[in-house]
Amino acid sequence: MNDTAVAIDRLTFNYGKLRVIDDLSLEIPAGTSFGLLGPNGSGKTTLIRLLVGLLKPAEGSIQCLGRTPSSSNARLRGYMPQLPSLYAELTVKQNIDFFARIYGLRDRKQRESRVDEIIKLVDLWSKRKTQVMKLSGGMKQRVSLGCAIVHNPPLIFLDEPTVGLDPDVRVNFWDYFESLTRSGSTIVVSSHTMDDAAHCQKLIFLRQGKIIALGTPDELRSATGTSDATLEDAFLYFIRRSEEAQNVE
Amino acid sequence: MLSNAFSIAGRIINQLIRDRRTMGLLIIAPLLIASIVGVSVPDKRILDYTAPAMLAMLILFFGFLLTGISFQRERSQGTLERLMAAPVSRLDVVSGYLMGFLLFALAQTLIIFFYMVYVLDINFQGDLWQIIVFQAIIGVGAVCLGTFTSTFARNEFQIMQFIPIVILPQFFLCGLLWPVEQLPEYLQWIAKFLPLTYGVDGIRAMMLEGESLLGVIKEVGVLAGFAAGFVVLASLTLRRGTSG
């Protein structure tokens, strides 16, 4: 089995004249929960959109499970966008069932059983016949997660999945992400909160489309040289370092 | 091969059926317009002459409006992007939309048609099924035109702004209000490039003169060409991987 789930080599992407991803190289090991951390506008969402094939690199290359992202290998990936991106008029079950069909679960019995399993997993069984428009924001996030993982993909991209969630639901989400990585899936999560960062096995700090730090949460904290440093301290430390390096150049 | 397109069409049908207010408006709006036309035209012979053209006009208008707004909503809500990250082709998406919305556009046409025939008592000739097939061809073009146009709009409001640009010129130049031959030459030339001109010519020939589909094969061919062109344009403008 390939030990690398995602391999990014000298990736560059521009929106018009604005460089959003700048000569970025990265390898994400298989079976890990990997965090893309950074402030708003640092390039997290653009990077995820590149990784799922919605955007094409201006330069460089991306390999997800050994393949360049395209529609022909989209079944290997799950994608939960930043917005819930659901069909408001349809019920919870109809939304998840639609994505199950689109991702190739054709056998009706198997699909129904998998959809029911996912609805229970995201703890929305009592709401399965409720139209999505009548759900709270947190419930919509859970439906969206269900749609992203219904086809049991080995590689899952989650763009700010815990935004707007209550703390207890956030903990449940992370429990579930950890169970997915234990079963061999690779999860790539973008976030701008350090709460999420602490749950990741490995993470990068992104700033202006560049990686300013890479490591485990403990490694990043200890790099500051302070024994009681938080991940926020670590992030600020690496920002200062990158600014100093820029000034030297 | 088209299983994803059928899934998308099924989802659209499900969505619209569950949206009761939209369903109500889909039925009431064409009946209201047909009634206004029926009541406002004083001479029965003029109504017989106007009704087929109105039928072609209304399927183009409602097909465009329904598809344009729905497709734009999918773009703004992010559901289209989510779909484009899935294992679907652009043709799957466009043909899925085509099938889903065509059903409603056709249902609207049938409602208007039967209302005009049985309530407003307009006379028509020709086979009913052939007339419906011809209307379906106009509907395909309308749905594809709506999908294509939605590419250029950033929100639903902008889709409405496209009506005076895309629909109204066709309304004025198609021969519905006055014969195309009486227009200035340059407008006659423009009218030749508008699908509704062929829709009105064809449906008038069928309903007023009893022509079959074969009798209006030129109009069928041109409308099918427009529809195919809009399908291709809609597919091409449905971007999956924007280069940066």
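# Close-up views of a predicted two-chain model

**View 1. Overall build of chain A.** Chain A holds eight helices and ten strands. Helices (H or I, at least four residues) and strands (E, at least two) are DSSP runs, numbered from the N terminus. This is a predicted model: local features need pLDDT of at least 70, side-chain atom pairs count only at pLDDT 80 or more, and totals for chains, interfaces and linings use all residues. Residues are numbered from 1 along each chain as its sequence is written, while chains are lettered from A and ligands numbered from 1 in the order in which they are written. The C-alpha trace of chain A spans about 60 × 40 × 35 Å along its principal axes. Of the 249 residues of chain A, 47% count as buried. A residue is buried if 20 or more other C-beta atoms lie within 10 Å of its own, exposed if 12 or fewer, and partly exposed in between, with C-beta atoms placed from the backbone.

**View 2. The largest nonpolar core.** This core has 142 residues. Such a core is a set of buried Ala, Val, Leu, Ile, Met, Phe, Trp, Tyr and Cys residues joined through C-beta atoms within 7 Å. Leu51(A), Ile96(A), Ala56(B), Leu60(B) and Cys144(B) touch the most other members. Helix H3 (residues 44–77) of chain B gives the most to the core, with 15 residues. Beyond its neighbours within four places in sequence, Leu60(B) is in contact (C-beta atoms, placed from the backbone, within 7 Å) with Ile138(B), Ala142(B), Ile167(B), Gln170(B), Leu196(B) and Gly199(B).

**View 3. Helices H5 and H6 of chain B.** The axes of H5(B) (residues 90–119) and H6(B) (residues 128–150) come within 9 Å and cross at roughly 130°. That makes H5(B) oblique to H6(B). Axes are lines fitted to C-alpha atoms, for helices over the stretch in contact, and angles run from 0 to 180 degrees between N-to-C directions. Angles under 35 degrees count as roughly parallel, over 145 as roughly antiparallel, 65 to 115 as roughly perpendicular and the rest as oblique. The crossing of H5(B) past H6(B) is right-handed. A crossing is left-handed if the near helix is turned anticlockwise from the far one by less than a right angle, and right-handed if clockwise. Residues of H5(B) that meet H6(B) include Tyr97(B), Phe101(B) and Thr109(B). Among their counterparts in H6(B) are Gly139(B), Cys144(B) and Thr147(B).

**View 4. Helices H2 and H3 of chain A.** H2(A) (residues 92–102) and H3(A) (residues 108–121) pack at about 125°, with axes 10 Å apart. The two are therefore oblique to each other. H2(A) passes H3(A) in a right-handed crossing. H2(A) contributes residues including Lys93(A), Ile96(A) and Arg101(A), and H3(A) residues including Arg111(A), Val115(A) and Ile119(A).

**View 5. Two positive phi angles in chain A.** Arg10(A) is not a glycine, yet has a positive phi of about 50°. Arg10(A) lies in strand E1 (residues 4–15). It counts as exposed, with 12 C-beta neighbours inside 10 Å. Glu160(A) also has a positive phi, near 50°. Glu160(A) sits in the loop between strand E7 (155–159) and helix H5 (167–182) of chain A. Glu160(A) is buried, with 22 other C-beta atoms within 10 Å.

**View 6. Where chain A touches chain B.** The contact takes 28 residues from chain A and 23 residues from chain B. H2(A) gives the largest share of the chain A side, four residues.

Conventions:
Contact = placed C-beta atoms within 7 Å.
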